[in-house]
Amino acid sequence: MQDPNEDTEWNDILRSKGIIPQKPKEKEITEDEIIGMIENTISEKQNEKDLAKLNLDELDELEDSEDEAVLQQYRQKRIAEMQALASRARFGMVREISGQDYVDEVTKAGEGIYVVLHLYSRGLPLCALINQHLTQLALAFPMTKFVRAIATTCIANYPERNVPTIFIYFEGQLKKQYIGSVELGGSNLTCDELEYMLGQAKAVETRIKDDPRASKKIKDKMFAELSDNNDW
């Protein structure tokens, strides 16, 4: 027997003659219902964002009132994120090394690891300044390995004129080097300037995108011009 609800030309003729009942009309979605579905979608997305902001303890508190499966999913995701961050954030300080440590600490640092090595000499103010800056940067970028060594104990007969020197390694390969006072910006080197330089070499994920040294040059030029005008 043919299905009376099937859309065929024969059924249309039968419906027009009143032999079989008209096919029920599909319910039209009203504008209010469309708006309601959009609002529900937005609300669900917002709830996902709100849940993403919660820590593990706060997620535990919600388990009695929310869908346990959903909360467990967010909990596992958050744990994975924390574990990934903890595995990368393994440094956070500047380590003092010697020539004997060089291979293990620098060239064999590991997969995906950037190493910033500062070769310095005691008694040089710029070396002391760079060590201070590196201490701050090591705390700010714990995924990067920062090490320092007295130049002559790390590399025999290393030229004094080349100090300070910064070598940047990635997975054992030398990627960038800054040798001497001039390349490192001189005695007025700021921490932001050094961070920018390391960021350009991809050793740190800095938010400083514009070279601070460029703005300093502009200010110095303006100050010099102002001084010349005042001489008159």
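Predicted model: local features only at pLDDT ≥ 70, side-chain atom pairs only at ≥ 80, totals over all residues.
Asn157 belongs to the loop that runs between helix 7 and strand 4. Its phi is positive, at about 60°, although Asn157 is not a glycine. Most residues other than glycine have a negative phi, and most peptide bonds are trans.

Lys202 is a further residue that is not a glycine and yet has a positive phi, here about 70°. Lys202 is located in the loop between helix 9 (191-200) and helix 10 (212-231). With a relative accessible area of 60%, Lys202 is exposed.

The loop between helix 7 (151-154) and strand 4 also holds Pro164. The peptide bond that joins Val163 and Pro164 is cis, with omega at about 0°.

Strand 4 (residues 165-170) and strand 5 (residues 173-179) run antiparallel and are joined by six bridges. One of the pairs is formed by Thr165 and its bridge partner in strand 5, Ile179.

## Strand 2 and its partners

Strand 2 is paired with strand 4 in the antiparallel sense, over six bridges. In this pairing, Val115 stands opposite Tyr169 of strand 4. Strand 2 also pairs with strand 3 (residues 145-150), in this case in the parallel sense and over six bridges. Here the bridge partner of Tyr120 is Ile150 of strand 3. Together, strand 2, helix 6 and strand 3 make up a right-handed β-α-β unit.

Is strand 2 mostly covered or uncovered? Seven of its seven residues are buried, so strand 2 is mostly covered, buried being under 20% relative accessible area. Tyr114, Val116, His118 and Tyr120 point one way from the strand. Val115, Leu117 and Leu119 point the other way, and the residues of both groups are buried.

The largest nonpolar core contains 23 residues. Leu134, Phe146, Ile166, Ile168 and Leu198 have the most contacts inside this core. Two or more residues are given to the core by each of strand 2 (114-120), helix 6 (125-140), strand 4 and helix 9. The greatest share comes from helix 6, with six residues.

Which residues does Leu198 contact, leaving aside its neighbours within four places in sequence? They are Val116, Leu134, Leu137, Phe146, Ile166, Ile168, Ala203 and Val204.

## A buried threonine in a loop

Thr206 is found in the loop between helix 9 and helix 10, the loop that also holds Lys202. Is Thr206 buried or exposed? Its relative accessibility is 9%, and because buried means under 20%, Thr206 counts as buried. Lys202, in contrast, is exposed.

The side chain of Thr206 makes a polar contact with the side chain of Glu195, at 2.6 Å. When residues up to four places away in sequence are not counted, Thr206 touches Phe141, Glu195 and Gly199.

Terms used
Residues numbered from 1 in each chain as written. Heavy atoms only, no water. Pairing = 2+ DSSP bridges. Helix = DSSP H or I, 4+ residues; strand = E, 2+ residues; numbered from the N terminus. Buried < 20%, exposed > 50% of the residue type's maximum accessible area, 1.4 Å probe, protein only. Polar contact = N/O pair within 3.5 Å; in protein donor to acceptor, adjacent residues only side chain to side chain. Contact = heavy atoms within 4.5 Å. Core = buried A, V, L, I, M, F, W, Y, C linked by side-chain atoms within 4.5 Å. Right-handed = clockwise from strand over helix to strand, strands pointing away.
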